[in-house]
Amino acid sequence: APSFKFYLKVLTHLVPIDLRFQGVQLLVKAVRIHKFGGPEVLKYEDVKIGKPGPGEIRLRQTAIGVNYNEVLLRAGEGSFASDQFPLTLGREAVGIIEEVGCGVNGLNVGQRVAYGFGGFGGYTESRLVDAEKVIVVPDSIDDKTTAAMMVKGMTAQYLLCRAYNVQKGDSILIHAAAGGVGTIMCQWAKHLGARVIGTISSDKKAEIAKLNGCDFPINYKNENVAERVREITNGEGVQAVYDPVGRDTFDISIASLRPLGHLISYGDISGKLDPIEPSVLMTKGSLSFRRTSLRHFITPRKALEATAAELFDMVEKENIKIRVNQIYPLSDTHLAH
């Protein structure tokens, strides 16, 4: 199964943004695609944005996160259709509120806010965002860190604390342990007192996983993952498997679980899962299977606030560290991809 080829990357503005008013619209720079393809289809160009409508804010973005999902979408491996071009990718960023629309309460011009599931359209200097999707950011967390952690950090929170509530002493398996979500999950799970097993694809990624709290990195290219998991757990298997890979790892995940274990699927990097025969879950130990999405765990607004607050608290207390490894100007988004 493939693993993430990179993790936490941030697009940021290295110089002040020159916003030019054109009537009631702003002319700003954005990165859009007009067709699916390689990184070369990402075009840095002028776009116009209007004034915020009811319930919206206009956000001048200072740093933008890059997610693997956006790489897949750019390549045409997502749900977007060609009639939706031009398309602006990006779904997490941080910035300063420039204007608020009518009906927006609790947010003011000049506040620094972030979003982690604000809808695509994030690869831009300035944009309109639903005010219900943004969260005020603590002063103690800088822009680049914030942009790199909103989607990935809130994903880690719901996976470990709600999709399956990891307990002290649990053994868990995290696929893609050296990836963006995986590195945060390893740290968070270790803080919760779990024994953390992770899959990786190279010695270098094993070191990354270990640095982030993975007790037992397993190189799936030269080790039998399920057998190694059984060896580590004295034949019992793990309480939970967290799997963003999909088709290529389903059987491995099932074989790694103990009876009454939980398989939490939250991605399909290798392709969508084949149809699942429910009796398999019964014969393998009355297992539980969930296919999850962040959006359902941060709705309604109170859930978003609670999830973000716990993430911010973990970062402020240094229980987890967000490592930003690459930074690019917006105009070089193709290099980030």
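**Notebook: cysteines and the parallel sheet**

I checked for disulfides and found zero in the structure. I note that this is a predicted model.

I looked at Cys161. Cys161 is in no disulfide, and the nearest cysteine sulfur, in Cys186, sits 14 Å away. Cys161 is also buried, at 17% relative accessible area.

Next I looked up Cys186. Which cysteine sulfur is closest to the sulfur of Cys186? I found that of Cys214, at 4.6 Å. A disulfide needs the sulfur atoms within 2.5 Å, so 4.6 Å is too far for a bond. Cys186 is buried, with 0% relative accessibility.

I traced six strands in an open sheet, ordered 12-11-10-13-14-15, with parallel pairing. Which strands are at the edges? I noted strand 12 (216-219) and strand 15 (288-291), each pairing on one side only. From one strand to the next, the twist averages 15 degrees.

I followed the pairing of strand 11 (residues 195-200) with strand 12. The two run parallel and are joined by four bridges. Gly198 stands opposite Pro217 of strand 12.

Last, I looked up two helices. Helix 3 (residues 180-191) lies across strand 10 (171-174), strand 11 and strand 13 (238-243). I read its angle to strand 10 as about 170 degrees.

Key: Residues are numbered from 1 along each chain as its sequence is written. This is a predicted model: local features need pLDDT of at least 70, side-chain atom pairs count only at pLDDT 80 or more; totals for chains, interfaces and linings use all residues. Side-chain values use heavy atoms; hydrogens and water are left out. Two strands pair if DSSP finds at least two bridges between them. Axes are lines fitted to C-alpha atoms, for helices over the stretch in contact, and angles run from 0 to 180 degrees between N-to-C directions. Contact means heavy atoms within 4.5 Å. Buried means under 20% relative accessible area, exposed over 50%, partly exposed in between (1.4 Å probe, protein chains only).
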